[in-house]
Amino acid sequence: MLLCGLHAPTPFAALSIEITEGTESALPVAVVPFAASGAPVDMSAVINADLQRTGYFKMLDQQAMPAQPSTLQEVNFKDWQAANQNYMVVGKVSPNGAQYDIQFQLLDVYKSGQLMGYRMTSSSNDLRRTAHHISDLIFEKLTGKKGSFSGRIAYITTSGGGHQLQVADADGFNPQTVASSTEPLMSPSWSPDGKRIAYVSFEHKSAAIYIQVLANGQRERVAEFPGINGAPAWSPDGTRLALTLSKDGSPDIYVLNLASRALLKLTKGYSIDTEPSWSPDGRSIVFTSDKGGKPQLYLVPSQGGEEKRLTFSGGYNSRGSFSPDGKYLAMVHGNGNDYRIGLMELASRTINVLTSGPDDESPSFAPNGGMILYASKKGGTAFLSAVSIDGKMQQKLVFSSGEVREPAWSP
Amino acid sequence: MKLKPTLWAITCSALLLTACGDTEEKDPSFLDGNQQSGIKDASTSGLNNDAGINGSAMGGSLPNGGRSANLGPEFSDPNNPLSKRIVYFMLDSSQVLQDFVPVVAAHAQYLIANPSQHVVLEGNSDERGSREYNIALGEKRAKSVAEMMKIQGVSESQLSIVSYGEEKPAVSGNDESAWEQNRRVEITYQGQ
């Protein structure tokens with residue numbers, strides 16, 4: 001039995017964010033606490049945490065700040081140069097009726113001037129999201145790359161004997177249950193426009209794939225064949241869904257045209273073929289197959305064609321997913337009892353192991369390609385972690401109860 | 001460093017962004033709120049009216065096929081192989097081990113003698129590796145048991161297969177003992 005659009009507020013089970021590993025070569029940035037009278041969210045703290053967990057920046061502790069200016073005019077740049085800061089962020093939040101006016105400025109400490117400044121208005125309830133958007137703006141200005149702070153993550157939880165599909169902010173805050181069932185839910189996949197999620201539900205005691213509209217909770221069953229209906233993956237243009245069906249015997253990769261409902265079968269044979277994932281150009285699909293005896297990653301043209309084996313090192317490589325630039329594949333890389341997140345550079349085919357295991361799975365790239373979100377288990381608890389693609393920065397999203405798994409970062 | 005920010009419930013409404021006059025211009029629609037307005041609506045509308053909603057919990061699979069209330073006493077006699085309804089497997093393998101051949105055979109004979117009976121073979125895996133691959137592995141195990149039953153003469157119409165992969169562990173735990181107990185096919189008789 002399935003409950004969708006559950007109205008009962010999701011218990012705010014989340015969350016603390018632990019930075020478990022950092023890097024020394026990061027850019028020094030000071031986010032000065034915003035001058036804020038009575039704002040319910042400490043926006044500068046949210047921005048500070050966002051920037052910190054990218055691994056690109058070394059954030060200045062509040063205690064080490066020479067002063068707490070809130071506008072460019074109040075800044076004595078010499079003090080901040082002496083504190084070895086390259087950049088700083090100042091701002092203020094002031095109530096304006098039922099709204100808040102927010103102003104922030106990103107300053108170049110050595111050039112003693114402003115790089116960027118915005119004034120914006122937000123409702124009290126949107127202050128946290130607004131802070132994430134500010135983080136995106138700052139990140140893009142400083143790195144030239146898009147930020148991933150204002151996106152969302154979908155994931156599956158198990159608590160109270162039931163299974164939930166939840167959607168939260170990218171930092172794990174504000175979790176909301178969008179589907180709930182006493183039977184397992186699996187494999188959430190975002191549509192490229194971020195408005196729909198495809199997932200697997202066992203609510204009828206067999207597997208089926210649904211597409212649910214987040215805005216209204218309405219959903220449609222798109223696959224319920226005999227056997228496995230699994231691993232939905234949206235094509236980059238949003239018109240097709242790659243999936244795994246075992247209706248003909250063994251699990252094979254198919255592409256479902258969402259408009260015509262036509263099915264294109266891409267793999268055949270007696271092996272397990274599953275976990276399709278699209279290349280960003282939509283031309284290829286990576287999938288897991290045990291046709292060589294052990295699970296390894298293969299590539300097949302999305303219109304059908306010859307398969308090519310991609311991974312050879314390690315006894316277990318599965319659940320590949322392309323980086324947004326198409327240059328890397330993240331995967332579950334297993335050796336013996338140890339399963340970690342591996343990152344393969346497609347040009348050289350070398351695999352870097354990014355995480356410490358022993359049971360890491362479900363890697364999902366941030367939309368800017370800079371971080372990989374994955375599920376991990378340690379000491380009997382299941383949680384989500386994120387690692388920068390150079391492996392130098394690790395963060396852990398700690399949920400207070402229940403098992404959390406299968407994260408998917410929204411586009 | 002450990003950060004513990006406070007949580008805030010967010011309801012979503014349009015967010016307005018205007019650039020400061022003396023700074024760079026951005027498209028004000030950048031934060032038009034369309035993306036973030038949806039999810040809260042999903043919590044308040046949508047499938048709440050769906051007919052499938054108000055069912056009671058079915059619970060997970062009981063370790064001993066607890067739904068088969070109408071089965072005969074032989075199913076609870078520990079000396080009868082019919083009392084065993086779980087077939088265990090080696091790591092990454094779907095081969096029915098010698099120890100479980102008599103168990104599968106006993107259920108096959110029972111099904112042949114009772115053609116109105118129907119079983120669901122529920123394939124499962126341990127927690128290691130990726131989840132959809134484990135779904136495939138669980139199905140392969142259930143199909144091995146089904147094949148063995150069919151070879152002995154059980155009608156295909158008496159058998160259904162579902163794989164839960166690692167989604168319905170029999171026991172929780174991250175050690176070899178837990179993994180062994182989770183790599184299994186449960187033979188579940190449907191209520192008559």
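1. Domains of chain A. In this predicted model, chain A is assigned two domains, with domain 1 spanning 32-143 and domain 2 spanning 151-409. Their centres, taken over C-alpha atoms, are separated by 36 Å. The contact between them draws 7 residues from domain 1 of chain A and 8 residues from domain 2 of chain A. On the domain 1 side of that contact, α1 and α3 of chain A each supply at least two residues. By class, the residues on this side of domain 1 of chain A are 1 nonpolar, 3 polar and 3 charged.

2. Helices α1 and α3 of chain A. The two helices named above also touch each other. Helix α1 of chain A covers residues 43-52 and helix α3 of chain A covers residues 127-143; their axes come within 9 Å and cross at roughly 45°. The crossing of α1(A) past α3(A) is right-handed.

3. Residues of that helix contact. From α1(A), the contributors are Met43(A), Val46(A), Ile47(A), Asp50(A) and Leu51(A). From α3(A), they are Leu127(A), Arg128(A), Ala131(A), His132(A), Ile134(A), Ser135(A), Ile138(A) and Phe139(A). The contact of α1(A) with α3(A) comprises 9 nonpolar, 2 polar and 2 charged residues. For the side of domain 1 of chain A that touches domain 2 of chain A, the division is 1 nonpolar, 3 polar and 3 charged.

4. A four-stranded sheet in chain A. An open sheet is formed by 4 strands of chain A in the order β24-β25-β26-β27, with antiparallel pairing. The edge strands are β24 (316-322) and β27 (350-353) of chain A; each has a single partner strand, so one side of each lacks a neighbour in the sheet. On average, and with direction ignored, neighbouring strands of this sheet are turned by 30° against each other.

5. The pairing of β26 with β27 in chain A. Strand β26 of chain A, residues 338-345, pairs with β27(A) in the antiparallel sense over 4 bridges. One residue pair can be named here: Gly342(A) has Val353(A) in β27(A) as its bridge partner.

6. Backbone points to check in chain A. The peptide bond from Gly357(A) to Pro358(A) is cis, and its omega is near 5°. Pro358(A) is located in the loop between β27 and β28 (361-365) of chain A. Elsewhere, Asn174(A) has a positive phi of about 60° although it is not a glycine. Asn174(A) also lies in a loop, between β10 (162-169) and β11 (176-181) of chain A.

7. Helices α2 and α3 of chain B. Chain B has a helix pair of its own to report: the axes of α2 (residues 101-113) and α3 (residues 131-151) of chain B come within 9 Å and cross at roughly 55°. That angle makes α2(B) oblique to α3(B). The crossing of α2(B) and α3(B) is right-handed.

8. Residues of the chain B helix contact. Val104(B), His107(B), Ala108(B) and Leu111(B) take part from α2(B), and Val145(B), Met148(B) and Met149(B) from α3(B). By class, the contact of α2(B) with α3(B) holds 6 nonpolar residues, 1 polar and no charged. The contact of α1(A) with α3(A), by comparison, includes 2 charged residues.

How values were computed. Residues are numbered from 1 along each chain as its sequence is written. Chains are lettered from A and ligands numbered from 1 in the order in which they are written. This is a predicted model: local features need pLDDT of at least 70, side-chain atom pairs count only at pLDDT 80 or more; totals for chains, interfaces and linings use all residues. Axes are lines fitted to C-alpha atoms, for helices over the stretch in contact, and angles run from 0 to 180 degrees between N-to-C directions. A crossing is left-handed if the near helix is turned anticlockwise from the far one by less than a right angle, and right-handed if clockwise. Two residues are in contact if their C-beta atoms, placed from the backbone, lie within 7 Å. Ala, Val, Leu, Ile, Met, Phe, Trp, Tyr, Cys and Pro count as nonpolar, Asp, Glu, Lys and Arg as charged, and the others, Gly among them, as polar. Two strands pair if DSSP finds at least two bridges between them. Domain bounds come from an automatic or database domain assignment. Angles under 35 degrees count as roughly parallel, over 145 as roughly antiparallel, 65 to 115 as roughly perpendicular and the rest as oblique.
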